[in-house]
Amino acid sequence: MQYQAAPTTESWITPTTPYYYNYNYMPLPHNKHYSIVVNNDPLEKVAKLVSQSAVVIFSLSSCCMCHAVKSLFSGMGVNPTVYELDEEPVRGKEIEKALVRLMGSSMSVPVVFIGGKLVGSMDRVMGSHINGTLVPLLKKAGALWL
Amino acid sequence: MASHRVGETGLSDSGPSHHHHHHQHMPYSVLPAYNPPNTGFINQESSSFNFGELEEAIVLQGYKINNDENKLPLYTTVPRPAATLDMFPSWPIRVHQTPRGSNSSTDSGSAVNVAIASKPEAHCHTEPESPISSNSRKTLSEQQLQQQQQHQEIFRQQLQHLQIPEQLEMESEGGSPVTTGGSSHSQQTPKPFSEKRKGIGSTSERTLDAKTLRRLAQNREAARKSRLRKKAYVQQLESSRIRLTQLEQDLQRARSQGLFMCGGAGGGNLSPSAAMFDMEYARWLNEDQRHMAELRKGLQSHLSDSDLRVIVDSFVAHYDEIFRLKSVVAKSDVFHLFTGMWATPAERCFLWMGGFRPSELIKMLAIQLDPLTEQQVVGIYSLQQSSQQTEEALTQGLDQLHQSLVDTIASGSVNDGVHHMAVAVGKLTNLEGFVHQADNLRRMTLHRLHRILTVRQAAKCFLVISEYYGRLRALSNLWASRPREAVMSDENSCQTTTDLQMVQSSQIQFSNFG
């Protein structure tokens with residue numbers, strides 16, 4: 001069965017972004033594969049969200065490590081899509097919990113997805129950057145040109 | 001008494017010569033506890049001199065004493081008349097001036113006086129020793145006897161006034177002394193003793209009258225008390241000595257654990273985990289030296305690559321170790337790590353997030369590791385760039401933390417103060433995350449370097465790194481020990497030469513980077 005996305009969630013997904021981060025929305029070609037949305041499962045929600053942007057960061061507005069991650073990407077010239085989980089009253093908590101389960105650590109944020117795939121938290125991002133694997137990944141996801 | 005007066009007149013007749021003798025003997029009255037060396041029986045005694053027993057022995061056994069009065073001081077001073085006053089009752093003095101047996105009790109008395117003088121304890125000094133039974137001193141001349149009697153009188157008079165005058169006029173004493181018997185109920189101790197000398201002269205050799213017995217008993221008592229006092233004092237000394245050694249041990253232990261000083265920082269504020277980290281860091285520095293030496297030796301001896309690889313790998317593990325230690329201490333005492341209290345002041349000055357700045361290190365290394373392939377150059381350059389970006393990101397994250405902390409602390413109202421402080425404390429826990437990420441960055445940078453470079457280059461690279469930080473630490477020490485001019489503001493040239501000399505003469509061996 002195919003479910004349409006409910007209008008409430010649709011508004012949340014709006015790419016014109018929330019807050020003081022003017023991150024542009026970068027459409028991904030494979031985005032169109034994900035048409036099934038199950039509203040109950042937050043992980044599915046997450047999957048849907050991350051598929052829609054090249055770089056997706058789940059963060060909390062009060063978390064300063066999230067700020068560091070955001071600065072890192074913007075310093076590289078990448079414009080990630082940021083979802084502030086504390087700003088979304090309904091689904092935020094669930095997604096946060098889902099992320100905790102996903103990551104296996106107590107820190108739910110920041111979590112970075114590049115090209116729909118989970119990269120990880122700050123240390124993973126940093127590690128891949130130092131290793132020199134981050135930039136190719138970003139380029140492949142279309143988040144970086146040159 | 002009549003005899004005494006006779007004696008006096010006799011003395012007064014032989015004035016000048018007697019004066020002379022008298023002056024010879026004068027000083028002992030002013031001597032404090034003089035210990036005459038030439039009395040035989042004194043030397044035989046041990047330090048715990050028991051006068052009571054001595055007296056008895058002398059009385060009972062008829063001890064013969066050499067008659068060396070001319071050399072012996074006759075009198076001792078009265079060290080503490082008050083103390084000894086307690087021990088001796090007042091005696092009515094009856095003076096018996098019998099030159100009987102011409103073994104004057106004075107001689108023996110004087111000898112024993114001397115004996116008593118030899119003992120350092122004050123309260124026993126002036127014990128009247130004198131029931132020395134008259135041992136025959138047939139050798140005494142009448143004049144000597146008279147002299148000694150005169151001396152006794154002088155002494156008694158001195159004691160009577162509780163003074164020890166510098167000079168005594170023999171003639172002036174003419175009238176007083178013999179009658180001291182009656183006047184001296186407030187007895188000063190040597191009085192009874194001097195009196196007793198005469199008294200002994202009056203007793204027969206083997207008779208012990210009641211007075212003598214009582215005196216002996218008192219002497220015994222005094223001697224016993226003084227022995228007990230001495231034992232108590234010695235025990236007290238021993239126990240405090242033991243306590244002192246224990247305290248010293250505790251202090252040593254505490255100092256090694258809690259007061260480890262890095263660069264002269266105040267040692268008292270260290271938390272136990274910080275102190276432990278400091279100790280482990282010191283050990284790590286020693287290990288560092290060892291690894292450096294091994295690397296240097298390996299490079300110079302042109303080991304095979306595989307052998308060198310082992311050494312380099314151990315070096316990398318060595319650095320991993322310090323990062324692990326830092327992560328441990330970050331959990332308990334993040335401020336210690338962050339403010340760099342474990343590092344030398346020079347390092348602390350250029351500290352970034354509790355350690356070195358990786359991009360700076362790579363910049364320094366790029367110059368030192370000159371023969372690099374194109375690919376390596378590209379790799380190192382990109383590594384430098386990525387580490388720089390990450391450093392920037394972390395710094396910005398820290399800035400945001402700082403900002404939010406400032407807001408929290410500043411905005412706490414009166415009512416809400418506690419809550420705001422709790423929130424601030426919660427925010428501070430993020431600090432550990434930043435230090436953790438910074439150390440991660442450092443570790444990963446080193447690993448990446450290890451992978452980019454060949455084994456030989458990597459060996460050289462790590463050697464350079466260790467040498468560099470060693471020099472930075474040495475710079476701290478040099479700076480701390482430089483001569484600080486207090487007054488010479490106009491002698492700047494002097495100052496520079498002093499600096500140069502100091503640097504040249506320092507023991508720090510800087511090896512070449514290569």
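**Reading a predicted two-chain model**

Mentor: Glu321(B) and Arg324(B) form a salt bridge, with their closest N and O atoms 2.7 Å apart. A salt bridge here is a side-chain nitrogen of Lys or Arg within 4 Å of a carboxyl oxygen of Asp or Glu. This is a predicted model, in which local features need pLDDT of at least 70 and side-chain atom pairs count only at pLDDT 80 or more, while totals for chains, interfaces and linings use all residues. Residues are numbered from 1 along each chain as its sequence is written, chains are lettered from A in the order in which they are written, and side-chain values use heavy atoms, with hydrogens and water left out.

Trainee: Why are Glu321(B) and Arg324(B) separated by about one helical turn?

Mentor: Side chains of opposite charge can pair when their charged atoms come close. Glu321(B) and Arg324(B) lie about one helical turn apart because they are 3 residues apart in helix α12 (residues 305-332) of chain B. Helices (H or I, at least four residues) and strands (E, at least two) are DSSP runs, numbered from the N terminus. Over all chains, the structure holds 16 salt bridges.

Trainee: How many salt bridges are counted between chain A and chain B?

Mentor: The count between these two chains is 0. The rule does find 4 residue pairs in polar contact across the interface of chain A and chain B, both residues at pLDDT 80 or more. A polar contact is a pair of N or O atoms within 3.5 Å; within protein, one must be able to donate a hydrogen and the other to accept it, and residues adjacent in sequence count only if both atoms are side-chain atoms.

Trainee: Which elements give two or more residues to the side of chain A that touches chain B?

Mentor: They are α3 (64-76) and α5 (122-131) of chain A. Of the elements, α3(A) gives the most, with 8 residues.

Trainee: What area do chain A and chain B bury between them?

Mentor: Buried area is the accessible area (1.4 Å probe) that two parts lose on being put together, summed over both. Chain A and chain B bury about 1,600 Å², 66% of it on carbon and sulfur atoms. Cys64(A), Met126(A) and Ile130(A) supply 38% of the area that chain A buries against chain B, more than any other three residues.

Trainee: In what order do the strands of the open sheet in chain A run?

Mentor: Two strands pair if DSSP finds at least two bridges between them. The 4 strands are ordered β2-β1-β3-β4, with mixed pairing. The edge strands, β2 (81-84) and β4 (117-120) of chain A, each pair on one side only. Strands β1 (residues 55-59) and β3 (residues 111-114) of chain A are antiparallel partners over 4 bridges. Within that pair, Phe58(A) stands opposite Val111(A) in β3(A).

Trainee: Where is Pro110(A) found?

Mentor: Pro110(A) sits in the loop between α4 and β3 of chain A. The peptide bond from Val109(A) to Pro110(A) is cis, with omega near 0°.

Trainee: Where is Met353(B) found?

Mentor: Met353(B) belongs to the loop between α14 (345-349) and α15 (358-368) of chain B. Its phi is near 50°, a positive value in a residue other than glycine.
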